[in-house]
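Work through the exercises below with the sequence and the model side by side, and try each task before reading its solution.

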Amino acid sequence: MNTDLKQLLALSMPTFAYTKLERFADHEYRASGVPEIEHSFASVDLSQVAGTTHPVYGGRSWIDLLGNPPGGEFAELQHIRRYLRYMVENPSYYTKDEKKPGWSFYLVDGRYYIGDGSHRTVIGRFLLSLNGLPTTVSGVLAGR
């Protein structure tokens, strides 16, 4: 798997890159009378991620969060360089079926929203998509 996202982006910018992530306020969702969201380990197609619970990252595009070049000075994700290094060291993390604690999503009306793991979600979507691989990750927590 090619982990050089800078090179891969130079060859082909994915169509989703400029799509903005919606802001999802889980506390507002719960306040509306919907029962507490139960999470269990599942598989999530990162192409179905519509937004995030992170108050700063909502309203930003996928490429704004990653940066162009990836991890460049204008990347909006905090500490993105560290997480890009982790990806280069262990790219199979994104394709293995093992449990991935600390990476979670809310499933609401058929759309996923990042609970925890913004860096992994953004990097994973670009890495898998740019390598022509399925964008589904397994072993993440997802709940309704």
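Predicted model: local features only at pLDDT ≥ 70, side-chain atom pairs only at ≥ 80, totals over all residues.

**Exercise 1. Find the salt bridges of the whole structure, and say which parts of the chain each of them links.**

Side chains of opposite charge can pair when their charged atoms come close. A search of the whole structure finds two salt bridges, and they can be taken in turn.

Step 1. The side chains of Arg 111 and Glu 22 meet with an N to O distance of 2.1 Å, and because a salt bridge requires these atoms to lie within 4 Å, the pair qualifies. This pair links distant parts of the chain, since Arg 111 belongs to strand 5 (residues 111-116) and Glu 22 to strand 1 (residues 22-23), 89 residues apart.

Step 2. The other salt bridge is formed by Arg 60 and Glu 76, whose closest N and O atoms are 2.7 Å apart. Here Arg 60 lies in the loop between strand 3 (49-52) and helix 3 (62-66), while Glu 76 lies in the loop between helix 3 and helix 4 (80-89), 16 residues apart.

**Exercise 2. Decide whether Arg 111 and Glu 22 are buried, partly exposed or exposed.**

Step 1. The cut-offs needed are under 20% relative accessible area for buried and over 50% for exposed, with partly exposed in between.

Step 2. Arg 111 has a relative accessible area of 32%, so this residue is partly exposed. Glu 22 has a relative accessible area of 35%, so Glu 22 is partly exposed as well.

**Exercise 3. Describe helix 5 by its span, its burial and the residue that follows it.**

Step 1. Helix 5 (residues 118-130) has 13 residues and reaches 18 Å from its first C-alpha to its last, which is close to the 18 Å expected at 1.5 Å a residue.

Step 2. The helix is mostly covered, as twelve of its 13 residues are buried; among them are His 119, Arg 120, Phe 126 and Leu 130.

Step 3. After helix 5 comes Gly 132, whose phi is positive, near 70°.

**Exercise 4. Work out how the rings of Tyr 93 and Tyr 94 are arranged, and which aromatic cluster contains them.**

Step 1. The count of aromatic pairs comes to ten. In one of them, the rings of Tyr 93 and Tyr 94 have their centres 5.4 Å apart and their planes at 90°, so this pair is edge-to-face.

Step 2. The rings of Tyr 94 and Trp 103 have centres 6.0 Å apart and planes at 80°, so they too are edge-to-face. Tyr 94 is buried at 4% relative accessible area, and Trp 103 is buried at 0%.

Step 3. One aromatic cluster is formed by Tyr 93, Tyr 94, Trp 103, Phe 105 and Tyr 112. The charged end of Lys 100 sits over the ring of Tyr 93, 5.4 Å from its centre.

Notes. Residues numbered from 1 in each chain as written. Heavy atoms only, no water. Helix = DSSP H or I, 4+ residues; strand = E, 2+ residues; numbered from the N terminus. Buried < 20%, exposed > 50% of the residue type's maximum accessible area, 1.4 Å probe, protein only. Expected span 1.5 Å × (residues − 1). Phe/Tyr/Trp six-rings, centres within 6.5 Å; stacked < 30°, edge-to-face > 60°. Lys NZ or Arg CZ within 6 Å of the ring centre and 35° of its normal.
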